[in-house]
Amino acid sequence: MSLVDIKSMYLEEIERDFESLSIPKYKAKQVFKWLSKGVESFDEMTDLSIALRNSLKEKYYIASVQIEKKLKSKYDETTKYLFKLNDGELIESVLMKYKHGYSICVSTQIGCKMGCKFCATGLSGFSRDLTASEILSQIQKASADNDIRISNIVLMGMGEPLDNYENVLRFLNIATSVEGINIGMRHISLSTCGVVDKIYSLAEEKLQLTLSISLHAPNDDIRNKLMPINKRYNISELLLACRAYIAKNNRRVSIEYAMIDKVNDSEDCARQLAKLLKDMLCHVNLIPVNSIGTRKNKFEKSKKESIQKFIKVLKYNKIPVTVRRTLGSDISASCGQLKRKGEKYENIC
Ligand code: SAH
Ligand code: SF4
């Protein structure tokens, strides 16, 4: 009989299981609390009897990640982790320190199926989805390694969160559970390349998280060349879904726009973008692209002057805009980069 992944279970599910195993229901809460603290074995659950710990070992396992590699930035307090999963697969997370506390960027899949042309993760193919417990473990390991509380989570590491919808939703509910890790849903951001049907599903969940849309282009011609998902759901379908999400949740959506030299950074592109986003409750986040320089597609960062002109047009059109601060620039802190070291091109995301 294969063991069950107990850290991916909701408290109510553990309670139901325990009832069927004739284990007192209140023990489920104790176990859930231990799991939220990040224990990696049942033997660490010291307020449970040894007999109970042994019987739990026969039915369940506790997922964890181990630190394979860790890079600390010399310039700021950013730390990049390469974590090894129980089956030997590798994923990345980035821990960042802000004035308001610690934030972690976690992976949701091993690789990604979406194949965006500028993204190292997208270029490396797809291996498998992460379980809720594997997503949680990244936070717990980074938190324990630094003896800190992490207050903000961004689902912006390797993978497309909405392509792993069930596990990601489970992760969100467990991470925000008041009996467990208890991170505020308002302190979580989820970034998607635009899996439109799942944006509608997420809207129905009425979660107070921040939705980030990786738009990166002001029209379908450019977006089709950069992001294959655009052929499934074009820009107008995507923005319609965003507007529906905003209407349901009354939350400002963040529009991510990677600035790529001579690809999407002209003033005309800025005008088209402003038109698309007119009257939408949103904020544009410009990200100078991290060049991954493959031979086939060479994407370079936009020049400073182009970024300034782009910002000017957006501001003129009353679209709130900022340029993303670069943290950990010396350690390839963009996700997807570390794993690829030693391969043909270095990293990204
Ligand atoms: N799959 C999700 C989340 C992971 S990617 C998504 O695409 O939104 C996280 C962010 O990094 C996305 O906004 C993505 O477009 C961006 N990104 C990927 N490669 C990049 C690069 N080379 N330079 C800058 N941003 C990049
Ligand atoms: Fe996947 Fe996001 Fe990279 Fe696109 S940008 S390939 S969706 S991880």
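The shell around ligand 2 divides into 6 nonpolar, 3 polar and 1 charged residues. Which residues come nearest? Of the 10 around ligand 2, they are Cys112, Met114, Cys116, Cys119 and Gly122. Near here means a heavy atom within 4 Å of the molecule.

A word on the ground rules. This is a predicted model, where local features need pLDDT of at least 70, side-chain atom pairs count only at pLDDT 80 or more, and totals for chains, interfaces and linings use all residues. Residues are numbered from 1 along each chain as its sequence is written, chains are lettered from A and ligands numbered from 1 in the order written, and side-chain values use heavy atoms, with hydrogens and water left out.

Now the domains. The chain splits into domain 1 (4–61) and domain 2 (66–341); the bounds come from an automatic or database domain assignment. Their C-alpha centres lie 34 Å apart. About 1,200 Å² is buried between the two domains, and carbon and sulfur atoms give 49% of that. Lys7, Ser8 and Tyr10 supply 43% of the area that domain 1 buries against domain 2, more than any other three residues. Buried area is the accessible area (1.4 Å probe) that two parts lose on being put together, summed over both.

Next, salt bridges: a side-chain nitrogen of Lys or Arg within 4 Å of a carboxyl oxygen of Asp or Glu. Across the domain interface there are 2. Glutamate 13 pairs with arginine 170, closest N and O atoms 2.8 Å apart. The structure holds 19 salt bridges. Another one joins aspartate 87 and arginine 128, at 2.9 Å, N to O. Why point that one out? Aspartate 87 sits in the loop between strand 4 (79–84) and strand 5 (90–98), and arginine 128 in strand 8 (residues 126–129), so the pair ties together parts 41 residues apart in sequence. Strands are DSSP runs (E, at least two residues), numbered from the N terminus.

Note on methods:
Nonpolar A, V, L, I, M, F, W, Y, C, P; charged D, E, K, R; others polar. Helix = DSSP H or I, 4+ residues; strand = E, 2+ residues; numbered from the N terminus.
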